[in-house]
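Please look through the sequence and the structure below before reading on.

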Amino acid sequence: MVSNSNLPVAIIGGGPVGLAAAAQLVSRGLPVKVYEAGSSVGSNLLDWGHVRVFTPWRYCVDAVARKLLESHGWQMPEPEAFPTADEIVDQYLAPLAKLPELAPSIETDARVVAISRWGADKVLSKARETRPFMLLVETTEGTRRDSARAVIDASGTWQTPNPLGAGGLPAEGEREFGDRIAYGIPDVLGRDRHLYAGRTTLVGAGHSAANALLELDRLAETEPGTSALWVTRSTDLVRIYGGGDADALPARGELGSDVRHLAESGRIRLVTGFATLAIREVDGRLVVEGQTKDGLRNVGPVDRIIAATGQRPDLAVTRELRLDLDPWLEGVKALGPLIDPNEHSCGDVPPHGHRELSHPEPDFY
Ligand SMILES: Cc1cc2nc3c(=O)[nH]c(=O)nc-3n(C[C@H](O)[C@H](O)[C@H](O)COP(=O)(O)OP(=O)(O)OC[C@H]3O[C@@H](n4cnc5c(N)ncnc54)[C@H](O)[C@@H]3O)c2cc1C
């Protein structure tokens with residue numbers, strides 16, 4: 001059997017959290033191996049790179065990563081400025097990943113597809129904690145099995161978006177018309193501009209929805225045929241409208257206020273209390289069918305649909321591990337209630353560490 005000594009701590013994902021964890025481990029002299037599925041670090045961020053985040057630089061840069069970078073002459077960007085996701089990658093994550101302390105430990109184009117323990121499936125308890133982890137890693141050269149003494153899952157949720165269907169299952173027709181449905185935040189004013197100079201239905205009521213709606217409204221200023229129809233499952237939009245000036249993150253408050261203004265001024269049409277059931281094609285365009293308190297209703301027709309319905313973790317990767325997850329948020333139990341959208345707009349999470357992030361599976365976080 002492979003021995004645990006000298007094995008690295010495996011980190012799944014080279015995003016802001018994975019690279020901060022790597023910097024912290026390296027600074028403590030521990031061997032580390034970062035697996036990044038994309039062709040560069042921060043590849044999820046690059047997907048929505050045009051979006052300006054609502055936390056200023058001082059919240060985006062890990063303290064130990066900053067120290068490491070500064071020891072090589074890097075300069076912290078203006079701490080109170082708000083970067084776009086592209087800027088976070090270009091000005092922080094990419095330089096961090098190139099440092100001699102980290103670069104040899106980071107592998108890109110390496111997707112971890114499953115994790116277990118050498119010689120022990122989920123059921124076997126005997127000497128479990130002494131068996132190294134086994135990671136199935138898919139690369140351009142094929143699939144290999146790597147070993148690790150501990151695993152930190154920093155893979156995020158971006159790559160597993162929720163479907164349009166209000167019940168959490170794909171709406172009827174969602175797969176069939178998938179070529180006209182975008183998940184997350186398309187780059188309406190840039191890369192994807194040519195697709196959105198028409199009619200769009202946006203489904204969802206979070207900050208991604210707000211960003212996309214504001215961009216569609218800006219596109220309409222220069223592309224006259226552009227219009228947006230906003231559909232939400234909830235009738236209470238306080239979560240997205242937020243606390244305005246009173247928001248703990250003022251830039252987030254501003255986003256909420258701006259989208260509220262957009263809806264209340266009638267510049268976009270808003271349909272609330274609409275539980276999406278099906279997508280149908282009528283005369284070459286898409287109609288969304290949903291359940292409302294007054295019965296079935298159709299909205300549209302439109303050219304495209306944006307599903308800003310959130311994301312969830314990909315639990316298939318950790319299926320062979322012993323996890324104790326929040327029953328509906330599917331994150332660690334200690335933090336679930338603090339960020340539950342049934343209770344909070346975004347939630348307040350106090351600083352936390354290995355105790356809160358641990359699971360019944362020893363050495364998995
Ligand atoms: C529009 C938008 C705005 C946001 N604004 C803010 C904000 O203002 N402030 C804030 O704090 N947060 C914000 N967030 C949340 C933000 O996504 C996170 O704070 C941050 O990206 C979390 O970093 P992460 O490293 O956990 O995950 P990610 O950035 O998602 O990185 C995960 C990485 O893991 C890789 N990966 C995934 N699966 C695998 C696998 N199986 N094997 C190997 N690699 C894998 C991905 O390619 C990716 O590089 C925002 C999110 C969105 C979508």
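This is a predicted model: local features need pLDDT of at least 70, side-chain atom pairs count only at pLDDT 80 or more; totals for chains, interfaces and linings use all residues.

**The ligand and its shell**

- The ligand is surrounded by 26 residues, and the closest of them are Glu36, Asn44, Phe54, Thr55 and Val112.

**Polar contacts with the backbone**

- Phenylalanine 54, which is among the closest residues, has a backbone N or O atom that lies 2.7 Å from an oxygen atom of the ligand.
- An oxygen atom of the ligand is also found 3.2 Å from a polar backbone atom of proline 16, while a nitrogen atom of the ligand is 3.4 Å from a polar backbone atom of tyrosine 35.
- Taken alone, the ligand would expose 980 Å², and the protein buries 79% of that area.
- Two or more residues of the shell come from each of helix H1 (16-27), helix H2 (43-47) and strand S4 (111-117).

- In general, the strands of a sheet pair through backbone hydrogen bonds, and the pairing is either parallel or antiparallel.
- Strand S4, which gives residues to the shell around the ligand, pairs with S5 in the antiparallel sense over six bridges.
- Within this pairing, valine 112 stands opposite valine 137 in S5, and Val112 is also one of the residues closest to the ligand.
- Strand S5 (residues 133-139) is mostly covered, as five of its seven residues are buried.
- S5 also pairs with strand S6 (residues 142-148), again in the antiparallel sense, over seven bridges, and leucine 135 has aspartate 146 in S6 as its bridge partner.
- These two strands, S5 and S6, form a hairpin, with two residues between them.

**The open sheet of five strands**

- Five strands form an open sheet with parallel pairing, and their order is S8-S15-S9-S10-S11.
- Strand S8 (181-183) and strand S11 (269-271) stand at the edges of this sheet and each has a single partner strand, so one side of each is left without a neighbour in the sheet.
- From one strand of this sheet to the next, the twist averages 20°.
- Strand S9 (residues 199-203) and strand S15 (residues 304-307) pair in the parallel sense over four bridges, and in this pairing threonine 201 stands opposite isoleucine 305 in S15.

Definitions and conventions:
Residues are numbered from 1 along each chain as its sequence is written. Side-chain values use heavy atoms; hydrogens and water are left out. A residue is near a molecule or strand if one of its heavy atoms lies within 4 Å of it. A polar contact is a pair of N or O atoms within 3.5 Å; within protein, one must be able to donate a hydrogen and the other to accept it, and residues adjacent in sequence count only if both atoms are side-chain atoms. Accessible areas come from the Shrake-Rupley method with a 1.4 Å probe; for residues, only the protein chains shown count as cover. Buried means under 20% relative accessible area, exposed over 50%, partly exposed in between (1.4 Å probe, protein chains only). Two strands pair if DSSP finds at least two bridges between them. Axes are lines fitted to C-alpha atoms, for helices over the stretch in contact, and angles run from 0 to 180 degrees between N-to-C directions.
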